[in-house]
Amino acid sequence: MAKKKKEQKRITKKLLNKYRLVILNEDTFEERISFKLTRLNVFVLSSITSIILISCTTILIAFTPLREYIPGYSSTSLNQKATRLVSTADSLETVLAVNQEYYNSIKKVLTGDVKTVEFDIDSAVQSQKLNPDEVDLNPSEQDMQLREEVSREDKYSLFESEKSSTDFSLFPPVKGSVTSGYNVNERHYAIDVAVPKDTPIKAAAAGTVIFAEWTSETGHVIILEHGNGLLTVYKHNASLTKQQGELVKAGEVIATAGSTGELTTGPHLHFELWRDGYPTDPSKFIDFE
């Protein structure tokens, strides 16, 4: 026990022994600075200095732009920019996908690569003119269900319901001789009307220009959207007077007749009428002669 106390006193004495740190002028040996130190003072001073250095370094790394140069840290602004770029790229991919589907649909309209649906306005009208004296007016249960469903969907007459909802008529874009009619078997989903070169081509109804470009096969082409799934297509024009995105009125000049493109034999208008993505015979609704 006494030995341990002796050892502790010896260590304490060593820590508290005073030393003098003197800085002398080498030439004159003049004393310039002198410090009285103990081992304990030196230890405490070194510890405090180390703690201050570590704290300052930590603050510089955590709260200043210097942390960007430390491996493992990233810039907050850089992270924000990366997040915005990822979001923008995702939005652009979505827009590109939508545009691609849109252009594919337009391409099908131009090439006629769409299945057709037979639609006869005359038969639809005649079906509404049946003599009630010749018909059994006591419907069966199945007939009642069918009538209720048809009434709910408002599909007694596609064209008549369309005309009442849009309140417009189709006008002939040009007047001339029909040289080629609508023929599903020959995949000719249009009416060809022979007219002199540079004859004004007019809009069949009010609408929006959704396509106005040149194609190698059909020359200058312009497509109008009239709402409610109705499109009109005008091909082989000599020139176009409207651009994509413009609004046009019924009867407004949108092009001049010509014979442009590879699939043409003379000045004429190739006119197509599309409803809900399916071609329809224009002659059933427009008198071209």
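The structure is a predicted model, in which local features need pLDDT of at least 70 and side-chain atom pairs count only at pLDDT 80 or more, whereas totals for chains, interfaces and linings use all residues. Residues are numbered from 1 along each chain as its sequence is written, and side-chain values use heavy atoms, with hydrogens and water left out.

The side chain of Lys235 meets that of Glu272 in a salt bridge with an N to O distance of 3.0 Å, a salt bridge being a side-chain nitrogen of Lys or Arg within 4 Å of a carboxyl oxygen of Asp or Glu. This pair links distant parts of the chain, since Glu272 belongs to strand 11 and Lys235 to strand 8, 37 residues apart; strands (E, at least two residues) and helices (H or I, at least four) are DSSP runs numbered from the N terminus. Glu272 is likewise buried, with a relative accessible area of 4%.

The structure holds 4 salt bridges. Among them is that of Glu252 with Lys242, whose closest N and O atoms are 2.6 Å apart. Glu252 lies in the loop between strand 9 (247-248) and strand 10, and Lys242 in the loop between strand 8 and strand 9, so the pair ties together parts that are 10 residues apart in sequence. Glu252 is partly exposed, with a relative accessible area of 25%, while Lys242, at 15% relative accessibility, counts as buried. Arg275 forms a salt bridge with Asp276, with 3.9 Å between the closest N and O atoms; here Arg275 counts as buried at 17% relative accessibility, and Asp276 is partly exposed at 47%.

Lys235 is also one of the residues nearest the centre of the largest pocket, together with Thr218, His236, Leu263 and His270, in a lining of 23 residues. Elements giving two or more residues to this lining are helix 3 (76-111), strand 4 (191-194), strand 8 (230-240) and strand 11 (268-275). On a 1 Å grid over the protein atoms alone, a pocket is an open set of points where a 1.4 Å probe fits, with protein on both sides within 12 Å along at least five of seven lines, and lining residues have an atom within 4 Å of a point. The lining divides into 6 nonpolar, 12 polar and 5 charged residues.

The largest nonpolar core has 27 residues, and those with the most contacts inside it are Leu170, Ile201, Ile222, Leu224, Tyr234, Ile254 and Phe271. At least two residues of this core come from each of strand 4, strand 6 (207-215), strand 7 (219-227), strand 8, strand 10 (253-257) and strand 11. Such a core is a set of buried Ala, Val, Leu, Ile, Met, Phe, Trp, Tyr and Cys residues joined through side-chain atoms within 4.5 Å. Residues up to four places away in sequence not being counted, Phe271 touches Pro173, Ala190, Ile191, Ala204, Thr232, Val233, Tyr234, Pro282, Ile286 and Phe288, contact meaning heavy atoms within 4.5 Å. A second, separate core of 10 residues includes Ile210, Ile223, Val233 and Trp274.

Thr38 lies in strand 2 (residues 31-38) and is buried, with a relative accessible area of 11%. Leaving aside neighbours within four places in sequence, Thr38 is in contact with Leu15, Leu16, Asn17 and Lys18. The C-alpha atoms of Thr38 and Lys18 are 4.8 Å apart, although the two are 20 residues apart in sequence.

Notes: Nonpolar A, V, L, I, M, F, W, Y, C, P; charged D, E, K, R; others polar. Buried < 20%, exposed > 50% of the residue type's maximum accessible area, 1.4 Å probe, protein only.
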